[in-house]
Amino acid sequence: MLGRIFNAMDKALTIFENWTLFLTVMAGLISMTANVILRYGFNHSLAWSEEFIREVIMYTTFIGCSVAIRNRNMIVIDALPQLVPILKAPLVFITHASTLVFCAVITYLGWKMMVLQYVTKQTTVTMEIPTAVLYVMLPMMGVFMAFRTLQSLYQDVKTYILKTA
């Protein structure tokens with residue numbers, strides 16, 4: 001039952017991550033290309049392009065964290081489990097627990113930051129986008145990462161605990 005829930009949520013979240021990452025990177029690439037052509041070809045520059053590229057980089061970084069956990073591409077130091085293989089399972093679970101703590105912290109603080117931006121009604125300098133819209137990325141990243149970590153934890157429980165039982 002839990003496996004089916006994880007699979008259904010995984011499919012939906014994967015589609016969302018892949019398409020939004022694709023669309024934002026393509027929009028950033030088109031914006032940057034247009035700005036380079038205008039700057040060097042016509043001596044005219046788009047004022048909003050640099051700010052837009054900065055926001056695209058932030059979005060792809062934050063959402064990319066969730067994708068990295070999904071693909072198990074997180075940075076890992078595995079010298080100790082290679083030397084003492086019996087420690088591999090406990091260390092994997094400690095890693096998942098610390099990632100979940102990070103997710104909780106980034107979700108909480110990101111939410112507070114987003115509310116602060118909403119209350120103060122701040123906007124970006126050039127595009128005048130409310131910064132609260134941009135700060136939504138932080139709690140969203142925390143929730144996505146937490147789901148992906150729980151999904152990995154579920155798979156590891158099946159691998160390490162149920163396989164040995």
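**Exercise 1. Decide whether Arg148 and Glu17 are buried or exposed, and describe how their side chains meet.**

Solution. In this predicted model, Arg148 is buried, and Glu17 is buried as well. The next step is to look at the contact itself, where the side chains of Arg148 and Glu17 form a salt bridge with a distance of 2.9 Å from N to O. Placing the two residues on the chain, we find Arg148 in helix α6 and Glu17 in helix α1, so that the pair, 131 residues apart, links distant parts of the chain. Finally, the structure as a whole holds six salt bridges.

**Exercise 2. Work out which helix holds both Arg54 and Glu51, and state how accessible each residue is.**

Solution. Begin with the positions: both residues belong to helix α2, where they are three residues apart, which is about one turn of the helix. Their closest N and O atoms are 4.0 Å apart, and Arg54 and Glu51 form a salt bridge. Now take accessibility, for which the cut-offs are under 20% for buried and over 50% for exposed, with partly exposed in between. Arg54 has 44% relative accessibility and therefore counts as partly exposed, whereas Glu51, with a relative accessible area of 5%, is buried.

**Exercise 3. Explain why the pair Arg72 and Asp156 ties together parts that are apart in sequence.**

Solution. First, the side chains of Arg72 and Asp156 meet in a salt bridge, at 3.2 Å from N to O. Because Arg72 lies in the loop between α2 and α3 while Asp156 lies in helix α6, the pair ties together parts that are 84 residues apart in sequence. As for accessibility, Arg72 is partly exposed at 42%, and Asp156 is buried at 7%. Elsewhere, salt bridges with shared partners join Asp10, Glu17, Arg70 and Arg148 into one network.

**Exercise 4. Describe the largest pocket by its volume, its lining and the element that gives the most to that lining.**

Solution. Start with the volume, which is about 590 Å³ for the largest pocket. Its lining is made by 19 residues, of which Met74, Val76, Val92, Thr95 and His96 are the closest to the centre. Two or more lining residues come from each of α3 (79–83), α4 (88–120) and α6 (137–164), and α4 gives the most, with seven residues.

How values were computed. Residues numbered from 1 in each chain as written. Predicted model: local features only at pLDDT ≥ 70, side-chain atom pairs only at ≥ 80, totals over all residues. Heavy atoms only, no water. 1 Å grid on protein atoms, 1.4 Å probe; cavity = no way out; pocket = protein on both sides within 12 Å on 5 of 7 lines; lining within 4 Å. Points joined across faces, edges and corners; volume = space filled by probe spheres on them. Helix = DSSP H or I, 4+ residues; strand = E, 2+ residues; numbered from the N terminus. Buried < 20%, exposed > 50% of the residue type's maximum accessible area, 1.4 Å probe, protein only.
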